[in-house]
Amino acid sequence: MYIAITALKGGVGKTTTAIHLAAYFQTKAPTLLIDADRNRSAIIWSREDKLPFFVASQAGATSLIKKYTHFIVDTKARPEQEELKDIAEGSDLLIIPTTPNHLDIDATLKAVELLQDLKANFKILLTKVDGRTKNGREARDFIKENNLPVFKSEIPLLVAFERASQKGVIIKDYSDPRSKSGWLSYQGVGKEILA
Ligand SMILES: Nc1ncnc2c1ncn2[C@@H]1O[C@H](COP(=O)(O)OP(=O)(O)OP(=O)(O)O)[C@@H](O)[C@H]1O
Ligand SMILES: [Mg+2]
């Protein structure tokens, strides 16, 4: 399966999502994370060799394709329309992470319009959801009112995600009382994809 993580906004959790979905898919079959972002955030995350899957640059991935069953592609923020078209054509599924923030939701609606024109298979993922506020619920209601596909599972706002990235590990391997709920949320997304 070929899954791309993309969004018109930066900082919405694309790389965090790519890393944790790659970890989930790796538990099912050999999975390669392709870092297609010039910032190389996923490659940097993997530098200490503590991730349970391999990360390659786009150029480096070509020779590795045969070895893997699943591919998760982390893309850069704000792709041009043409780039989005390429990403959509090359993928079985596009995941659009968005926080409940209204500016991020606005950008998501714009991305969705482009993707609908391209007849791409996409699904929105709510990220950085602060359980202490109603923002997540309101964003979900808004997405549903617009008849857009959204994962039932959503990713909680947890400092442990940031700490895990600093340590070069996935959240499951970062010692924190809330790590388990963070990992469960991405496992939930993975299960929905494979269901
Ligand atoms: N669920 C979360 N809870 C708390 N912090 C998070 C969560 N997801 C991501 N972050 C943090 O938010 C920041 C941006 O996340 P990330 O790098 O995954 O986003 P991105 O969309 O890939 O950004 P960019 O556009 O720069 O590539 C990082 O510091 C990351 O650790
Ligand atoms: Mg990123």
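This is a predicted model: local features need pLDDT of at least 70, side-chain atom pairs count only at pLDDT 80 or more; totals for chains, interfaces and linings use all residues.
**Ligand 1.** I found 19 residues around the ligand, and the closest are Gly-10, Lys-14, Thr-15, Thr-16 and Ala-77.

**Helix α8.** Next I turned to α8, which runs over residues 179-194. I checked its length: 16 residues at 1.5 Å each should span 22 Å, and the end C-alpha atoms lie 23 Å apart, so the two agree.

Then I looked up which of its residues are buried, and got Ser-179, Gly-182, Trp-183, Ser-185, Tyr-186 and Val-189. They sit on the same side of α8, because they cover an arc of only 155° around the axis. That made me recall the helix rule: with 3.6 residues a turn, residues three or four places apart point the same way. What do the buried residues pack against? My answer is α1, β6 (122-126) and α7. On the face turned away from the buried side I found the exposed residues Lys-180, Lys-191 and Leu-194.

**Glu-192.** I finished with Glu-192, a residue of α8. Is Glu-192 buried or partly exposed? I counted 13 other C-beta atoms within 10 Å, so Glu-192 is partly exposed. Leaving out residues up to four places away in sequence, Glu-192 touches Phe-151, Lys-152 and Ser-153. I also checked Arg-140: this residue is 52 residues from Glu-192 in sequence and 17 Å away in space, C-alpha to C-alpha.

Terms used: Residues are numbered from 1 along each chain as its sequence is written. Chains are lettered from A and ligands numbered from 1 in the order in which they are written. A residue is near a molecule or strand if its C-beta atom, placed from the backbone, lies within 6 Å of it. Helices (H or I, at least four residues) and strands (E, at least two) are DSSP runs, numbered from the N terminus. A residue is buried if 20 or more other C-beta atoms lie within 10 Å of its own, exposed if 12 or fewer, and partly exposed in between; C-beta atoms are placed from the backbone. Two residues are in contact if their C-beta atoms, placed from the backbone, lie within 7 Å. The expected span of a helix is 1.5 Å times one less than its number of residues. The arc is that of the directions from the helix axis to the C-beta atoms.
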